[in-house]
Amino acid sequence: MLLLQLFWTYLKIGTFTLGGGYAMLPLIQREVVDVRKWIDEKEFLNMIALAQAAPGLIAVNSAIFIGHRIAGWKGVVATVMGAVLPSIVIILAIAIWFTEFKELGWVEAVFKGIRPAVVALITAAVVKMARKI
């Protein structure tokens, strides 16, 4: 049951976050610190520092940390799969269908509209972390 919770938590975060790992941090914090209470806030900030220092994507590094902390290596598999599966599916779908639709005006408008939201999510994460540090 715990492995399914870990997978589902990171699957939701990976599915509904645009803008990469830094945009995921507020959602990860809300889920693992505030809602599920798997780690406390100090440990979350330490995890971010470690995830940034380690090579690789911050979202995957945080998934590895949380998964291992909560359920060992099985937890790592659950959280990493949950974090990367949405991106893989979305990238495959875009690669298959985007070439047919990229010239449409509304598609361009959607991608231009997403950019400020991504910047806002990253800015919010930086401000929230800076206040606590």
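Predicted model: local features only at pLDDT ≥ 70, side-chain atom pairs only at ≥ 80, totals over all residues.

Colleague: Which helices each supply at least two residues of the nonpolar patch?

Modeller: That would be α4 (58-101) and α5 (105-132). The largest share, 5 residues, comes from α4. The patch is made of Ile88, Leu92, Ile96, Trp97, Phe101, Leu104, Trp106 and Val110, and together they have about 820 Å² of accessible area.

Colleague: Take Leu92. Why is Leu92 called exposed?

Modeller: Leu92 is found in helix α4, and its relative accessible area is 51%. Exposed means over 50%, so Leu92 counts as exposed.

Colleague: What about Asn61, buried or exposed? How do you know?

Modeller: Asn61 is also found in helix α4. Its relative accessible area is 13%, and buried means under 20%, so Asn61 is buried. Leaving out residues up to four places away in sequence, Asn61 touches Ala51, Ala54, Pro55 and Gly56.

Colleague: And what makes Thr79 buried?

Modeller: Thr79, found in helix α4, has 0% relative accessibility. That is under 20%, so the label is buried. Apart from neighbours within four places in sequence, Thr79 is in contact with Leu6, Tyr10, Ala63, Ile64 and Gly67.

Colleague: Which residues of the largest nonpolar core touch the most other members?

Modeller: Ile28, Val32, Phe44, Ile48 and Ile66, out of 25 residues in that core. The elements giving two or more residues to this core are α1 (2-16), α2 (21-35), α3 (41-53) and α4, and the largest share, 10 residues, comes from α4.

Colleague: What does Phe44 touch?

Modeller: Not counting residues up to four places away in sequence, Phe44 touches Leu25, Ile28, Gln29, Val32, Val33 and Ile39.

Colleague: And how much of the protein is buried?

Modeller: Buried residues make up 33% of the 133 residues. The protein exposes about 8,200 Å², and carbon and sulfur atoms supply 71% of that.

Definitions and conventions: Residues numbered from 1 in each chain as written. Heavy atoms only, no water. Patch = residues over 30% accessible without salt bridge, like charges linked within 9 Å, V, L, I, M, F, W, Y side chains within 5 Å. Areas by Shrake-Rupley, 256 points an atom, 1.4 Å probe, with all protein chains shown as cover. Salt bridge = Lys/Arg side-chain N within 4 Å of Asp/Glu carboxyl O. Helix = DSSP H or I, 4+ residues; strand = E, 2+ residues; numbered from the N terminus. Buried < 20%, exposed > 50% of the residue type's maximum accessible area, 1.4 Å probe, protein only. Core = buried A, V, L, I, M, F, W, Y, C linked by side-chain atoms within 4.5 Å. Contact = heavy atoms within 4.5 Å.
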